[in-house]
Amino acid sequence: MAGLPTIYYGAVVNPQSLTSYQALARCLLAVSSEGTIDWIVDDVDDSMVQEVMSQKGCVDAEVVPLREGEFLMPGFVDTHTHAPQVPNMGSGQQHELLDWLDNVTFPMEANFADVEFARETYVEVVRRVINCGTTMCCYYGTLHVEATKILAEIIHVKGQRAFVGKCNMDRNSPDYYVEPSPEASVAGARELITYIRSLPPSPHTTTPLVHPILTPRFAISCTSPLLSSLQSLALSDPALAIQTHISENPSEIAFTLSLFPNASSYAQVYDSFSLLRENTILAHAVHLQDEEKQLIKERKAGISHCPTSNFNLSSGVAPVGDLLDRGIKVGLGTDVSGGFSPSILTAVQHASIASKVIAMNARDTSAVKDGTFANRALTIPALLYLATMGGAEVCCLDKQIGNFSVSKSFDALIINVGKDNANPAAVWGEPHPPRKGGNHTKPKSKKEELDGWLEKFLFCGDDRNIRRVYVQGRLIGGTAFSG
């Protein structure tokens, strides 16, 4: 028999679309013992809480009241990051992509042949990512099967939702960090897939939280025989998600096309091996041609927008507004360590700047139409959506996570922008009473105040503002978590 739900009472921010979100100042939200959302009731005055709970048959349920300055929102979805690169964050800023891989990235990733090093590193990596508010993450591991098993095991134990993949890479890598053959590469991928799917159920849910994902690093690192073998594996397992990189850097694109002279484009390379499909996640997409965008739309693949990395490695600015106008799924990625932060908040801030750069450089602003996103700055609703529901759509998990809807999983954050939070940059309201001359700030409604809390968090917040992190109803991180 199912136990009583847990009831959360207070301010709730709930993304709805690229143009709107709900700002619910006095909301009751019930989470079942299985970690799914039972019901939501808005606009409940303090005096009516017990009556509503009685109507719902939950008089004896635990109530978690949110304090002044706190609000509940869905957890962040990071659609692209490299777990073994976290130790390199902030290093190699002088390089562009291909030199950065050779001089910074491959040497670090090679260290994960040492399983003890892998375990020590990944424990801290996963803890840090969770505390940044990421409830669902798409992780690249290294080419090492055992180290990537350890990554999956740690994520499983800590209770995060994730895709975890072993890199497939049998060429154009250093001698000390390359797979010996296509057969060995695919065998390793199969071994990891079997291992992840055999992980025991979590004690709090029968739904697996960690899933395997096929991970051809990028076209440059994969021979045609390897891509053909991955094609066979992907076609035999339609539920298996796929992640890779595309059109990040002009030199990368030119090199890719030289390796695949029969391909008309970078996207067509993947499509020719049946690797473009609904559950494919393509990172970057900075320099796509129009025909590539059309192909990606037709295949229903998704894009991981990684603005921090794109700025940091001088790759360019992805035309996110144009992608959205075309109906292509877009989420956000941190792309550590091309990106120098594991926080989706940083990606939100840089996505905003990236969209403004495009808007400022637009040659023909007269072509901008109402209801479109190309050549416009991304709004707060759009940024919130990309960080939550957009990422869930890219991962094909939007029926399960991304916002608060009845029957969805409770993957959530309790955010604190009140005066008692440890981040002085993200405190809502006046820190001191107005000086002589009076307060000229107009009084705000509860909704306007909650709008302000959200904006303050998105642009000034960090992990110090994230008080609690929940996945499938289970508390797994945040400043209030002691586990």
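Me: Which residue does Glu109 form a salt bridge with?
Reply: Glu109 pairs with Arg217, and their closest N and O atoms are 2.8 Å apart; a salt bridge here is a side-chain nitrogen of Lys or Arg within 4 Å of a carboxyl oxygen of Asp or Glu. This is a predicted model, in which local features need pLDDT of at least 70 and side-chain atom pairs count only at pLDDT 80 or more, while totals for chains, interfaces and linings use all residues. Residues are numbered from 1 along each chain as its sequence is written, and side-chain values use heavy atoms, with hydrogens and water left out.

Me: Where do Glu109 and Arg217 sit in the chain?
Reply: Glu109 belongs to helix 2 (residues 97–110), whereas Arg217 is in the loop between strand 10 (210–216) and helix 6 (224–236), so the pair links distant parts of the chain, 108 residues apart. Helices (H or I, at least four residues) and strands (E, at least two) are DSSP runs, numbered from the N terminus.

Me: And is Glu109 buried or exposed?
Reply: Glu109 is buried, with a relative accessible area of 0%, and Arg217 is buried too, at 2%. Buried means under 20% relative accessible area, exposed means over 50%, and partly exposed lies in between (1.4 Å probe, protein chains only).

Me: How many salt bridges are there in the whole structure?
Reply: A search of the whole structure finds 20. One of them joins the side chains of Lys149 and Glu191, at 2.8 Å from N to O. That pair also links distant parts of the chain, with Lys149 in helix 4 (residues 145–158) and Glu191 in helix 5 (residues 182–197), 42 residues apart. Lys149 counts as buried at 13% relative accessibility, while Glu191 is partly exposed at 36%.

Me: What about Asp271, which residue does its side chain meet?
Reply: The side chain of Asp271 meets that of Arg299 in a salt bridge of 2.7 Å, N to O. Asp271 lies in helix 8 (residues 266–272) and Arg299 in helix 9 (residues 290–299), so this pair ties together parts that are 28 residues apart in sequence. Asp271 is buried, with a relative accessible area of 17%, but Arg299 is partly exposed at 32%.

Me: Which residues are linked in a network of salt bridges?
Reply: Arg67, Glu70, Asp420 and Arg467 are linked in such a network.

Me: Changing topic, how many cavities of 30 Å³ or more are there?
Reply: The count comes to two. On a 1 Å grid over the protein atoms alone, a cavity is a set of points where a 1.4 Å probe fits but cannot get out, and lining residues have an atom within 4 Å of a point. Grid points are joined across faces, edges and corners, and a volume is the space filled by probe spheres set on the points.

Me: What is the volume of the largest cavity, and what lines it?
Reply: Its volume is about 90 Å³, and the lining includes His82, Trp100, Arg217 and Asp335. Helix 2 supplies the largest share of that lining, three residues.

Me: And the second largest cavity, which strand gives the most to its lining?
Reply: Strand 10 gives the most, with four residues, and the cavity has a volume of about 50 Å³. Among the residues lining the second largest cavity are Val164, Lys166, Leu192 and Pro212.

How values were computed
On a 1 Å grid over the protein atoms alone, a cavity is a set of points where a 1.4 Å probe fits but cannot get out, and a pocket is an open set with protein on both sides within 12 Å along at least five of seven lines; lining residues have an atom within 4 Å of a point.
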